[in-house]
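Have the model open in your viewer and the sequence panel beside it.

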Amino acid sequence: MQFYYPPVTRPHVFEGYYDYLQHRFNHLKETKKIVAPKPPRKHSYEKPPTHYYRPDGHVDVNLKATHPIFELVARAETQWKAKHAMASTTLEEAVEEYRARYQRPPPAGFDKWWEYVQEHNVQLPDEYDRIYYDIEPFWAVDPKTLAEFQTELAAKDGSFTITNSRGKVTVNVPFPSPRDAGTKEHEFRIRANGQVDLLKSVEQWLPDFKATFSNDRLPSA
């Protein structure tokens, strides 16, 4: 026995619509592909404006940047940490660093100074640049000439002389002098006594010396 199945018929009013759906279905089945999601886009930020720090220490200010004090503090902290990390931690390292920097051995009693460094936790035990540059010109002067200058200055009004002899520091303040006749003696001695107080704690390690100072607050020659 044979069966006959008549073709499926559809109302003629949907003829065009069915064809359209069939076309869209076939098109999507052929062209649709699974695409991996794109990674999130990285934001690109412009470098914030900064100030220009000149080699001479001055700052060319950028008005669009933050106040320069913040950068100056950050730079100072970075430089301090770097310098502190390189500081000598032993006497041997300190001697080697001194020789490398100043091309001469450290002065007599440097080991005693290093004991002071350890006891008082001196943060920068290798920094003697200011002392070095202040004293350097006198290396070119004959010691006899320096002694003559010292004697001449000690004879002038308004000066005082500090002497260290066998580990004992004393000060000689000529008073009164004609120029300072109206000055109270304790006021005149303030600067001289201040210098002596600085040396008292280390006087036993100092070599014998004699140094004359002007009691004026201004430089003198």
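Start by selecting Arg101, which is partly exposed at 32% relative accessibility. Keep in mind as you look around that this is a predicted model.

Now colour by pLDDT. Helix H3 (residues 91-102) has the highest mean among the elements of the chain, 96, while helix H1 (residues 15-31) has the lowest, 62. Where pLDDT is low, the predicted coordinates should not be read in detail. For the chain, the mean is 79, and 71% of the residues reach 70 or more.

Go on to Lys83 and Glu127. Their side chains meet in a salt bridge, at 3.8 Å from N to O. Lys83 sits in helix H2 (residues 68-85) and Glu127 in the loop between helix H4 (110-120) and helix H5 (129-135), so this pair ties together parts that are 44 residues apart in sequence. Lys83 is partly exposed, at 39%, and Glu127 is partly exposed, at 28%.

Which residues are linked with Lys83 in a network of salt bridges? Show Glu97, Arg101 and Glu127 with it, and you have the linked set.

For a last stop, select Arg54 and Asp56, a salt bridge whose closest N and O atoms are 2.8 Å apart. Arg54 is partly exposed at 31%, and Asp56 is partly exposed at 47%. The whole structure holds seven salt bridges.

Note on methods
Residues numbered from 1 in each chain as written. Predicted model: local features only at pLDDT ≥ 70, side-chain atom pairs only at ≥ 80, totals over all residues. Heavy atoms only, no water. pLDDT = per-residue confidence, 0-100. Helix = DSSP H or I, 4+ residues; strand = E, 2+ residues; numbered from the N terminus. Salt bridge = Lys/Arg side-chain N within 4 Å of Asp/Glu carboxyl O. Buried < 20%, exposed > 50% of the residue type's maximum accessible area, 1.4 Å probe, protein only.
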